[in-house]
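Subject: Structure handover

Hello,

Here is the structure for your review. My notes follow below it.

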Amino acid sequence: MSLRPVIQDTAAIFLNGIGRHLHRGQLRVLMFHGLTDCVHEGLENCQYKHLDLNRFESLVIHLAANYDVLSMDEVVECLQTGASLPPFPLVITFDDGFDSNYKLAYPILKRYGLPAIIYLATQFVDEKIPIWVDRVDYAMHRAGRSKQNLVAFKDHLKVRPHAEILAAVSLLEEETGHRLDRVDKPHIQAIYRALNWDQVREMAASDLISFGSHTHSHLIMGRTSADVVRNELTESRAIVERETGRPCHHFCYPNGSTGDFSEVSEQILREMGFRSSITTLGGLNTLPVSPFLLRRLGMTNNLRPKQFEQYLAVGDASLKGIFGRHLFAT
Ligand SMILES: [Zn+2]
């Protein structure tokens, strides 16, 4: 048995508290997608997009005891007005709109009274049409492909125009003979399922969960014309507002990495009256920070509980994170 995890956990327990205090005042925005209470085989959930339910609950208990968990509205209000945030501000976010947000995450968030925001890809929720990355996961899992093949295929596609991505995914489905065309069929596994509007409305009415836009078709904005970006935002926001009866003024970039957004997309968001946008760029947010370029900590991984706590404290789960620049950064 390797001693590395033991050493890492011991070091994490000792230093997490110190790290958290050294990074006091920095804003942590956590990124989740779905949760799962099943054991998965093959390529199903091989990139940990759906966090184990028990891990999520222990994380929520840790957050409730150690961080000031706020709604996106509260944080953005402070960032815009310059009002001070509490010492350990943190926002919980979920991307896409998976059914498990309601069935598994919401009861736990409600139990501990923690707010969260869910960014809806509205075509996925409204029409039950899967996001292209889930179509790739499904086809490759069913076809018995390797994880390496899966990751390489997705990485190759993410930098292509949206129409080209959809054409390549259709071709993959033809080649493999496995196509995830809708996520509301009885035989489809829970991890692929989308929220329904009754679930969304119930969560919105609780005032604990708010909803933002994640585009309509989960289109990556960096390589898209301004007109298409505007249409995606307009349609997605209109659907969220129609179904929740509440204003939708927070946005989350699909894929959200460098090149997936630009000054143009930020300008469009501002012109349309959005108040914030979040990326998948990693790390903590040192204040003052623009509400239109928020970094996040991806929680879709296989970290052990103490590593999760370290990751939250200093923004890095590695040994380097404990002993390196992150802990001692000013
Ligand atoms: Zn997404």
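In which hand of crossing does H6 pass H8? The crossing is left-handed. Left-handed here says that the near helix is turned anticlockwise from the far one by less than a right angle; clockwise gives right-handed.

First, the ground rules. This is a predicted model, where local features need pLDDT of at least 70, side-chain atom pairs count only at pLDDT 80 or more, and totals for chains, interfaces and linings use all residues. Residues are numbered from 1 along each chain as its sequence is written.

**Overall**

The protein has 14 helices and 10 strands. These are DSSP runs numbered from the N terminus: helices are H or I with at least four residues, strands are E with at least two. The C-alpha trace spans about 55 × 55 × 35 Å along its principal axes.

Of the 330 residues, 45% count as buried. Buried needs 20 or more other C-beta atoms within 10 Å of the residue's own; exposed is 12 or fewer; partly exposed is in between; C-beta atoms are placed from the backbone. Among contacts between residues at least 6 apart in sequence, 71% join residues at least 24 apart. A contact puts two C-beta atoms, placed from the backbone, within 7 Å.

Two packed helices are described by the angle between their axes and the distance between the axes. Axes are lines fitted to C-alpha atoms, for helices over the stretch in contact, and angles run from 0 to 180 degrees between N-to-C directions.

H6 and H8 (residues 162–176) pack at about 20 degrees, with axes 10 Å apart. That makes H6 roughly parallel to H8. The cut-offs are under 35 degrees for roughly parallel, over 145 for roughly antiparallel, 65 to 115 for roughly perpendicular, and oblique for the rest. From H6, Trp132, Arg135, Val136, Ala139 and Arg142 meet Ile165, Leu166, Val169, Leu172, Glu173 and Thr176 of H8. These residues divide into seven nonpolar, one polar and three charged. Nonpolar covers Ala, Val, Leu, Ile, Met, Phe, Trp, Tyr, Cys and Pro; charged covers Asp, Glu, Lys and Arg; the others, Gly among them, are polar.

Thr176 of H8 is partly exposed, with 16 C-beta neighbours inside 10 Å. Not counting residues up to four places away in sequence, Thr176 touches Ala139, Arg142 and Ala143.

H6 (residues 132–142) also packs on H7 (residues 147–158): the axes come within 11 Å and cross at roughly 155 degrees. That makes H6 roughly antiparallel to H7. The H6 and H7 crossing is right-handed. Val133, Val136 and Met140 in H6 meet Asn149, Leu150, Phe153 and Lys154 in H7.

**H10 and H11**

The axes of H10 and H11 (residues 263–271) come within 10 Å and cross at roughly 40 degrees. H10 is therefore oblique to H11. Their crossing is right-handed. Ala226, Val229, Arg230 and Leu233 of H10 meet Val264, Ser265 and Ile268 of H11.

**H12**

Eight of the 10 residues of H12 (residues 305–314) are buried, so H12 is largely enclosed by the rest of the structure. Among them are Phe308, Tyr311 and Leu312. Gly315 follows H12 and has a positive phi, near 80 degrees.

**Loops and backbone**

Two spots to look at sit in the loop between E7 and H10: Ile220 and His218. Ile220 is buried, with 23 C-beta neighbours inside 10 Å. Its contacts beyond four places in sequence are Lys158, His162, Pro254, Asn255 and Asp260. His218 is buried too, with 24 other C-beta atoms within 10 Å. His218 is not a glycine, yet has a positive phi of about 60 degrees.

Asn255 lies in the loop between E8 and H11. Asn255 also has a positive phi, about 65 degrees, without being a glycine. Its 18 C-beta neighbours inside 10 Å make Asn255 partly exposed.

Finally, a cis peptide bond joins Leu287 and Pro288, with omega about 0 degrees. Pro288 sits in the loop between E9 and E10.

Best wishes
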